[in-house]
Amino acid sequence: MSTENLPEVPEQPGAEQPNRKPRVAVVFGGRSSEHGISVVTAGAVLRAIDRSVYDVLPIGITTDGRWALTADEPDRMAITDRRTPSVEELSDGTEGDVVLPVHPGNREIVYAEPGSVPKALGEVDVVFPVLHGPYGEDGTLQGLLELAGVPYVGSGVLSSAVGQDKEYMKRIFTSFGLPVGPYEVIRPRDWDRDPEAARKRILDFADEHGWPLFVKPSRAGSSIGITKVEDAAGLDAAIEEAQRHDPKIIVEALIRGREIECGVLEFPVGPLASVPAEIPPVQAHDFYDFEAKYIDSAAGIVPAPLTDEQTAEVRRLAVAAFEAASCEGLVRADFFLTEDGTFVINEINTMPGFTPISMYPRMWEASGVDYQDLVGQLIETALARTTGLR
């Protein structure tokens, strides 16, 4: 892709342009196994941003970590024939790099091609990061933006890291008195030093809590790398699959009950919870896995068929989880409603699936906030917030 095919870049700031529109950089893709879903999410966000209010700059991060300028073509960012898109396809083979100066006094983005004079793309006022998983949703990108002094949508460094790491998320929830299910963690050094002892810990956990177990990457999302293990014979294969995505794994006991989700959105008055949704059992899937979520488009029930008391309680817990992890902007909180009628929090997502058919936007639409307004609210919240300690 040559520079003449790059998105049109409006003249940028200066005293002579006091009324220019805020520039939003939508950053997507990334190095994690959720790269393709991030691209799909970016397409939906790009389509929804009100161009009469904001200028937009799409920036994709390739699977090897290069920042690339992509065309503003949301229709190319969709799942096609059960296949997710990639930044490499959208950047059309360009070798140029997008550079964000790590200096809080300079928000100007630069595009540099080998052998060419760098091209200034103007200042960015706010970043809308729609990366999922490690190297983007986990506090790493947030740290870069903090160093650069650029406001961004969503949670900060600590809460993003907590939201990505299922172990420390559960530890924080427990410290705030929020109910979590039984779990066991195997860290990389545990496995490297004595895999037999680590395996025995999991088997002892199964003796205590029963089969099946869920073996997961501790720091991944979109149900990637998760295996439902029915007995000891399937354990090694499940560990190997989880470790393909993260050397640290978490093992969780089965919680029998209904899967309930609730969205939290930050307003000037503080975080508020949406109506909840229910994820019913998915036919032909053992659990709500990647294929069920994104390929087969399993539909949740919005609003969830709960009593008024249950709805109030899950909304209370969702906001409590948001506050416990010091989140900002948005969160989707996932729960189990157990057979005895109590809620157990499974996890939070600081950048949940965000296409119009994803559960988070659907819950807010049912709560009176449509998709375009939801995107606008997140951008305005980020623009009003400073970077740095807060």
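In this predicted model, the buried residues of helix H10 are Thr311, Val314, Leu317, Ala318, Ala321, Phe322 and Ala324. Viewed down the axis of H10, these buried residues fall within an arc of 165°, so they line one face of the helix. On the face of H10 turned away from the buried side sit the exposed residues Asp308 and Glu309.

The helix itself covers residues 308-324, 17 residues in total, and spans 24 Å from its first C-alpha to its last, close to the 24 Å expected at 1.5 Å a residue. Several elements contribute to the cover over the buried residues of H10, including helix H5 (166-175) and the strands E12 (257-267), E13 (270-273), E15 (330-338) and E16 (343-349). After H10 comes serine 326, which has a positive phi, near 55°.

A search of the whole structure gives two cavities of 30 Å³ or more. The largest cavity holds about 70 Å³ of space, and among the residues lining it are Pro129, Leu131, Glu137, Gln142, Ser160 and Met351. By class, this lining has four nonpolar, six polar and one charged residues.

The second largest cavity contains about 50 Å³ of space. Its lining is made up of Ala25, Val27, Ile59, Trp67, Leu100, Ile109, Val124, Val127, Leu145 and Val150. Sorted by class, the lining of the second largest cavity has 10 nonpolar residues, with no polar and no charged ones.

Notes
Residues numbered from 1 in each chain as written. Predicted model: local features only at pLDDT ≥ 70, side-chain atom pairs only at ≥ 80, totals over all residues. Heavy atoms only, no water. Helix = DSSP H or I, 4+ residues; strand = E, 2+ residues; numbered from the N terminus. Expected span 1.5 Å × (residues − 1). Buried < 20%, exposed > 50% of the residue type's maximum accessible area, 1.4 Å probe, protein only. Arc of directions from axis to C-beta. Contact = heavy atoms within 4.5 Å. 1 Å grid on protein atoms, 1.4 Å probe; cavity = no way out; pocket = protein on both sides within 12 Å on 5 of 7 lines; lining within 4 Å. Points joined across faces, edges and corners; volume = space filled by probe spheres on them. Nonpolar A, V, L, I, M, F, W, Y, C, P; charged D, E, K, R; others polar.
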